[in-house]
Amino acid sequence: MRNLFILLLLLPVFACRDDSSGKAAQVGSVSNIRYTAARGALLFQWDNPEADDVAYIEISYTDKSGNQHRTLVLGGLTERWIEGLADNSPYYFRFLVYDKSGNTSEPVEVMASAGESSVNMFYGRVKLGVDFSGINVSWENNFNENFYIELAYTDLNGNDYQEEVVVAANSTGKQFVKIGANISGNQSLDIYATIVDENGNESEQKILKFYKKEAGKLDRSLWKVITCSSEETVNENGAAVNIIDGNPETFWHSRWHSNAPDYPHYIILDLGARKALEKIGIFQRQNNAMVAGMAIYGNNVSGTPSDESQWKMCHEFDLSNSKAEQIFEFPNLATYRYLKIVCTSSSNGGVHAALGEVYLYGSDVADE
């Protein structure tokens, strides 16, 4: 009885062997493989072997990370889309034919390259900026397909988080993603941003440094006023350096005794080193608020760069008629050494500008 059981188990094995040679039955290979490249995908077409017992065709390839991908196609079919190819690098695709008894053909390999994935082209249309409690995400999607912007990070306790922004086809928009991790002081987190399309294609990762939500007031002892559009030197109380002397009662005043210039007025500061800037605090002139519109610019080249376009906008806002410090958060973390503080409009219709004090909030930047 035991021998009969073993014989029954071996019957499928013997059934798939050639009677004369004792070797596995020969399985024909696919032939005439051709392909059409599309964005992030390939359409393969081929001819199947002339046999009635073809079970399926396996198509496989190994990506740049060493991961193997396998796709199974029923034996009666002769084409298949291979999607999820995030780049247009050439890959070797391996075709194997399996018969209904589990025998395989000799492998056939073909090298093929997909078209440039739209996820890579969309990658350049996404902007990510660090805010005080999260990430500002904006995009311009000119493609007729949806994308997903995935933000992933690990907090200081080792907890993993992943947030997703859904981007509809042919849309322009922005979204704020709150970062839930609790950090303080000089602590920071790396936020990994990846663009993914509906076929699973993934872009390269962008890495953003997320800083603490609240920033400390920066030390001003090494700050210097490099230049200004004008200052009132007839009266010492109008000097530009007064905006960093620690006394809101003293103030910078644009020139007014002679040839009084009109708006805009500006002061350029050297912070002594690059700083990660999160907020700016401004005191109006205490006995006469003059300024309404403000714009803040930064650069890391020079306090007086030869190319005016090297100044990059940090923030713009309006001051109110108040004696208190007015604090404004920058939309994105700004890392600069040189700062241009521009008064763009008057609060009273006059041509003069005056400010009492300027403070900055943020953190030091480690030497690179």
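Reader: Does Ser-118 count as buried or exposed?

Author: Keep in mind that this is a predicted model. Buried means under 20% relative accessible area. Ser-118 has 2% relative accessibility, so it counts as buried. You'll find Ser-118 in helix α2, residues 118–123.

Reader: Which residues does Ser-118 touch, leaving out those up to four places away in sequence?

Author: Ser-118 touches Arg-39, Phe-143, Glu-145, Phe-147 and Asp-197.

Reader: Asp-197 makes me curious about strand β13, residues 188–197. How many of the residues of β13 are buried?

Author: Here 7 of the 10 are buried, so strand β13 is largely enclosed by the rest of the structure. Strand β10, residues 147–154, runs antiparallel to β13, and 6 bridges join them. In this pairing, Glu-150 stands opposite Thr-194 in β13.

Reader: What about backbone angles? Where is there a positive phi on a residue that is not a glycine?

Author: The general idea is that most residues other than glycine have a negative phi, and most peptide bonds are trans. Asn-259 has a positive phi of about 50 degrees. Asn-259 sits in the loop between β17 and β18, and with 68% relative accessibility it counts as exposed. Asn-32 also has a positive phi of about 50 degrees, but Asn-32 lies in strand β1 and is partly exposed at 48%.

Reader: And which residues does a cis peptide bond join?

Author: Tyr-263 and Pro-264, with omega at about 5 degrees. Pro-264 is in the loop between β17 and β18.

Key
Residues numbered from 1 in each chain as written. Predicted model: local features only at pLDDT ≥ 70, side-chain atom pairs only at ≥ 80, totals over all residues. Heavy atoms only, no water. Helix = DSSP H or I, 4+ residues; strand = E, 2+ residues; numbered from the N terminus. Buried < 20%, exposed > 50% of the residue type's maximum accessible area, 1.4 Å probe, protein only. Contact = heavy atoms within 4.5 Å. Pairing = 2+ DSSP bridges.
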